[in-house]
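Please keep the sequence and the model in view while reading.

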Amino acid sequence: MPDNPHSKTAALTTAQVAHVAKLARLEVAPGRIEEYRTQLAAVLGHIAQLDAVDLAGVEPMAHPFESHNRLAADIPVESLSIEAVLMNAPAVEGRFLAVPKVLAEGD
Amino acid sequence: MTSPAHNTPIHNTPSDMTALRDAVAAGTTTAESICAGMLAVTTERNTEINAFHEVFAEHALEAARRVDSDARAGRPLPPLAGMPIAIKDNVATTLGRTTCSSRMLENYRSPFDATAVERLAHAGAVVMGKTNMDEFAMGSSGEHCKWGPVRNPWDTTRVPGGSSAGSAAAVAGGMCAAAIGSDTGGSIRQPASFCGIVGLKPTYGRISRWGLVAFGSSLDQIGPMTRSVRDAALMLDVMSGIDERDSTTADRPPTELAKTVERPIEGLRVGIPRQYMSDANDSEVSAAVHAAADAYRALGATIVSVELPLTDVGISTYYVIAPAEASSNLARYDGIRYGHRAQLQPGEDLFTLYARSRSEGFGPEVQRRIMLGTYMLSSGYYDAYYKRALQVRRRIKQEFDQAFTACDVLLGPTAPTPAFGFGANSDPLAMYLCDVYTVNTNIAGICGVSIPAGFAERNGKNLPIGVQLQANAFEEDRLLRAARMLERALTATTGAHAPRV
């Protein structure tokens, strides 16, 4: 990890933004990468103020309450019907979700 | 401080929901006439205000007639019998669509009702329609909506606040008896402040999130948006309590605040965080907080100054945690099972199907936050951003705990300004900074409420100003009783309450 996220954010590059878009499965038009870079860099620059907070010995808090896993009783319950599950599908064939062919011959 | 003037937006609605409910039960009015009146206001005003995306007029009238028939037959009426309630469009309803004001879900129909909606319906409420919002609840103005911007009923050249924009505008505009919104960083309280209504963000875990489209799962809460504090108490009573379908609901019985909300708190200690009285607040906002403090003093409460030094750091903490959780939650929209699917050209691959579906389906602010979250969770940055923000989160919680040793409730502004104009915060970071007084409530998981407390005049129009009260986790009884004390005092002295014409 970077020693100083500060310097990293200041140096946010268009290549990094393009990489993040790819990780996030977003198709960002090349003409808009620079706009996103500027906006994201401004936010990251602001967030750098977190570096100034003294956090020695402070445990991370992922959730408002230190709750324990709550287990449901191990009893089968009725779930959504296939019709209900498929009612919002972009494409359906019979009782299946239909997707375009995405593998080339020989894949 | 001025009194409500010519631009008073609520009409046709002589009273709050509790009074309407009582009038129906007493037979002095009918649920049908209340519902028909609100539908008429909606027909007249929604084209301009754009609070509702869908209105279920026939359904609402039929449900209201059933209540009237029960009342005539002398059958006991449930607590919200016949009350038309508006539902934010990120809360699942089997009626109509649940779009999150996004192209991604523009045709999405939920096969189930959210627990909160189910409980409202069980209490006799009538689901009147679905309200517009900032897309996926990301925004503080109501401008980033697939179905067009929502307008503030007090001044239609200004935003209603967000993200629960339509819910706030519908209540303020007299289009419904009450509404529900969701609050991840202020999305109930800030629009409540801008629209002159009451908005409650309950303690994390009070109300089930089952059926609430996930944004920041450790921050999100559903809550009431109402004309009065007692209405908020009544709705919380109906919606709260453990739900087996949401393992993060608190294992506590439903609240019974409607019973106690009218009872003032003896010896109330009100803390004003020094950091909340910033020079950056508009002068009328600080004046409203001072007037509220004076009102409490006159009621015998003690005002104490407290310190919340990490107030300003809240925005940074929030804009790590919320986008990180959002980037994970919104990964489910891939164009396969539901939601928008892009058309592929021959030879294009699966990656393109995912990426194009998402980029066509999500608006720019949603994509910005997904990228921000993805970046901060990516290899090499996790410790620098996410882990660090979670550490600051604990410090913020500790500061609140410390402050609550000296006082029962905290008092301050809900937002630094009254409603701003369209496009005034077009820079994303400037928009984020509007949430400075509300995000820490969610970060710490405590409860907060905004209540109307005054007006600022801009261009000859009165714009409402809200003040916020916060209380520690599961202290809603204390929070709403303190809010009711202030509401009663301010209504008497400044007429600052949500107007009743």
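The sections below describe the model, one chain, the contact between chains, and selected elements.

## Basis of the report

The model is predicted: local features need pLDDT of at least 70, side-chain atom pairs count only at pLDDT 80 or more, and totals for chains, interfaces and linings use all residues. Residues are numbered from 1 along each chain as its sequence is written, while chains are lettered from A and ligands numbered from 1 in the order in which they are written.

The secondary structure of chain A consists of 4 helices and 2 strands; helices (H or I, at least four residues) and strands (E, at least two) are DSSP runs, numbered from the N terminus. Along the sequence, the pattern of chain A is α-α-α-α-β-β. Of the 107 residues in chain A, 17% are buried, a term that requires 20 or more other C-beta atoms within 10 Å of the residue's own, whereas an exposed residue has 12 or fewer and a partly exposed one falls in between, with C-beta atoms placed from the backbone.

Contact between the chains involves 43 residues of chain A and 56 residues of chain B, where two residues are in contact if their C-beta atoms, placed from the backbone, lie within 7 Å. On the side of chain A that touches chain B, the elements giving two or more residues are α2 (14-23) and α3 (30-47) of chain A. The most comes from α3(A), with 7 residues. This side of chain A divides into 33 nonpolar, 6 polar and 4 charged residues; Ala, Val, Leu, Ile, Met, Phe, Trp, Tyr, Cys and Pro count as nonpolar, Asp, Glu, Lys and Arg as charged, and the others, Gly among them, as polar.

Strand β3 (residues 126-131) of chain B is mostly covered, with 6 of its 6 residues buried. Strand β1 (residues 52-55) of chain B runs antiparallel to β3(B), and 3 bridges join them; strands pair if DSSP finds at least two bridges between them. Within β3(B), B:T131 is the bridge partner of B:F52.

Strand β2 (residues 84-88) of chain B pairs with β3(B) in the parallel sense over 5 bridges, and B:P84 has B:V126 as its bridge partner in β3(B). Together, β2(B), helix α4 (residues 115-122) of chain B and β3(B) make a right-handed β-α-β unit. A crossover is right-handed if, with the strands pointing away from the viewer, the path from the first strand over the helix to the second runs clockwise.

## Helix α8 of chain B

The buried residues of α8(B) are B:V285, B:A288, B:V289, B:A291, B:A292, B:A295 and B:Y296. They cover an arc of only 160° around the axis, so they lie on the same side of α8(B); the arc is that of the directions from the helix axis to the C-beta atoms. On the other side of α8(B), B:S283, B:R297 and B:A298 are exposed.

## Residue B:A482

B:A482 lies in helix α15 (residues 476-493) of chain B. It counts as buried because it has 28 C-beta neighbours inside 10 Å. B:A482 and B:P264 are 218 residues apart in sequence, but 6.9 Å apart in space, C-alpha to C-alpha.
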